[in-house]
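This briefing summarises the charge pairs, fold and overall dimensions of one protein model. Please consult the sequence and structure shown here alongside the points that follow.

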Amino acid sequence: FRRSATAVAKYWVCKRTPSVVYEAMECHGGNGYAEDWGMARLYRQAPLNSIWEGSGNVICLDVIRAMAREPESIAAFMAEVGKTYGSDGRL
């Protein structure tokens with residue numbers, strides 16, 4: 001379960017980070033764009049997370065390997081995710 005959940009969490013974070021950082025940069029306005037603040041660096045580096053952590057395809061292959069090794073992890077993962085199903089309409 002942990003191996004699958006870790007890979008899925010990495011995938012989610014790596015795919016969501018660029019848009020979250022973009023929104024944060026908008027909130028900061030000009031200060032978010034200026035090099036004096038850390039937002040500009042975060043904005044440049046946000047897309048690199050998927051490269052450093054492995055591309056989405058590699059992460060998906062890792063999940064498939066984990067599911068093949070431990071088939072019971074699928075039911076455990078779905079049970080854990082099912083606890084929060086529908087709690088946030090945005091997801």
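Lys83 and Glu80 join their side chains in a salt bridge, at 3.3 Å from N to O; the term denotes a side-chain nitrogen of Lys or Arg within 4 Å of a carboxyl oxygen of Asp or Glu. The model is predicted: local features need pLDDT of at least 70, side-chain atom pairs count only at pLDDT 80 or more, and totals for chains, interfaces and linings use all residues. Residues are numbered from 1 along each chain as its sequence is written, and side-chain values use heavy atoms, leaving out hydrogens and water.

**Salt bridges**
- The whole structure contains two salt bridges.
- Lys83 is exposed, with 64% relative accessibility, while Glu80 is partly exposed at 40% (buried: under 20% relative accessible area; exposed: over 50%; partly exposed: in between; 1.4 Å probe, protein chains only).
- Asp62 and Arg65 also form a salt bridge, at 3.7 Å from N to O.
- Both Asp62 and Arg65 belong to helix 5 (residues 56-69), three residues apart, or about one turn of the helix.
- Asp62 is partly exposed at 21% relative accessibility, and Arg65 is partly exposed at 40%.

**Fold**
- The protein has six helices and zero strands (DSSP runs numbered from the N terminus; helices are H or I with at least four residues, strands E with at least two).

**Dimensions and burial**
- The C-alpha atoms occupy a box of roughly 50 × 30 × 15 Å along the principal axes.
- Buried residues account for 19% of the 91 residues.
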